[in-house]
Amino acid sequence: MKCVVAMNPCPCGYHNSKTHECTCSPYEIQRYLSKISHPLLDRIDIHLEVPEVNYKEISSERSGESSEAIRNRVKYIRELQKDRFKDESFKYNSEIPENKLKRYCPLDKNSEKILELAFKKYGMSARTYNKILKIARTIADMDGCENIKEDHILESIQYRTMDKKFWGN
């Protein structure tokens, strides 16, 4: 099952806001964030902060990438993964079992060192380590790379921002 969850950065909702003053104490913020247990957060593949949007940005005429272009890119990547795993019992990077990660997510020495440093610094679990590899595999696919590179590992680690917030690492 896949799902999307959202939460405010603090009880009042304005921590790190550029336009509103947060009325929460550091203790209240930490207490609020600690309501999500580590085991639950560990099961969420990607978590990151989304900055607030100001009026000028939201009302501008500038348009981003079209939904159709994004949809086509996602379809292409999903087909690429289905083809890669055609002889397996799974179809997508997110489904790679732990015993197949080394085969499908090999790392060069520099990427391995980066992941080792992050693992130690942030006190990652085995589940988080595995998720980072799977996400890096997808980022490499989107980048058109057969192998996972340092940049893919670094970007994947960035998608675990809440790990750092919740446990002060």
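This is a predicted model: local features need pLDDT of at least 70, side-chain atom pairs count only at pLDDT 80 or more; totals for chains, interfaces and linings use all residues.
Helix H7 runs over residues 126–142. At 1.5 Å a residue, its 17 residues should span 24 Å, and the end C-alpha atoms lie 25 Å apart, which agrees. H7 is mostly covered, with 13 of its 17 residues buried. Asparagine 130 belongs to this helix and is itself buried, with a relative accessible area of 12%. Apart from neighbours within four places in sequence, asparagine 130 is in contact with Glu98 and Leu101. After H7 comes glycine 144, whose phi is positive, near 75 degrees.

A positive phi also occurs at asparagine 16, which is not a glycine; the value there is about 65 degrees. Most residues other than glycine have a negative phi. Asparagine 16 is placed in the segment before helix H1 (26–33). Its relative accessible area is 54%, so asparagine 16 counts as exposed, the cut-off being over 50%.

Helix H6 covers residues 109–122 and includes serine 111. Serine 111 has a relative accessibility of 0% and counts as buried. When neighbours within four places in sequence are left aside, the contacts of serine 111 are Ile148, Lys149, Glu150 and Ile153.

Helix H4 comprises residues 67–84, and valine 74 is located in it. Valine 74 is partly exposed, with a relative accessible area of 44%. Between valine 74 and methionine 142 there are 68 residues of separation in sequence, while their C-alpha atoms are 8.6 Å apart in space.

On the surface, Ile46, Leu48 and Val50 form a nonpolar patch. Together these three residues have about 280 Å² of accessible area. Leucine 48 sits in the loop between helix H2 (38–42) and helix H3 (55–59). With a relative accessible area of 38%, leucine 48 is partly exposed.

Side chains of opposite charge can pair when their charged atoms come close. A search of the whole structure finds 11 salt bridges. One of them joins the side chains of arginine 73 and glutamate 65, with an N to O distance of 2.5 Å. Both partners are partly exposed: arginine 73 has a relative accessibility of 32%, and glutamate 65 has a relative accessible area of 45%.

Glutamate 88 takes part in a salt bridge with lysine 100, at 2.8 Å from N to O. Lysine 100 lies in the loop between H4 and helix H5 (101–104), as does glutamate 88, so the pair ties together parts that are 12 residues apart in sequence. Lysine 100 is partly exposed at 23% relative accessible area, whereas glutamate 88 is buried at 18%. Glutamate 88 also meets the side chain of arginine 103 in a salt bridge, with an N to O distance of 3.1 Å. This second pair links distant parts of the chain, with arginine 103 in helix H5 and glutamate 88 in the loop between H4 and H5, 15 residues apart. Arginine 103 counts as exposed, at 57% relative accessibility. Elsewhere, Asp42, Arg127 and Arg160 are linked in a network of salt bridges.

The structure holds zero disulfides. The sulfur of cysteine 22 has its closest cysteine sulfur in cysteine 10, at 3.7 Å. As for accessibility, cysteine 22 is partly exposed, with a relative accessible area of 22%, while cysteine 105 is buried, with a value of 3%.

Methods
Residues are numbered from 1 along each chain as its sequence is written. Side-chain values use heavy atoms; hydrogens and water are left out. Patches are made of residues with over 30% relative accessible area and no salt bridge: like charges are joined within 9 Å, nonpolar side chains (Val, Leu, Ile, Met, Phe, Trp, Tyr) within 5 Å. Accessible areas come from the Shrake-Rupley method with a 1.4 Å probe; for residues, only the protein chains shown count as cover. A salt bridge is a side-chain nitrogen of Lys or Arg within 4 Å of a carboxyl oxygen of Asp or Glu. Helices (H or I, at least four residues) and strands (E, at least two) are DSSP runs, numbered from the N terminus. Buried means under 20% relative accessible area, exposed over 50%, partly exposed in between (1.4 Å probe, protein chains only). Contact means heavy atoms within 4.5 Å. A disulfide is a pair of cysteine sulfur atoms within 2.5 Å. The expected span of a helix is 1.5 Å times one less than its number of residues.
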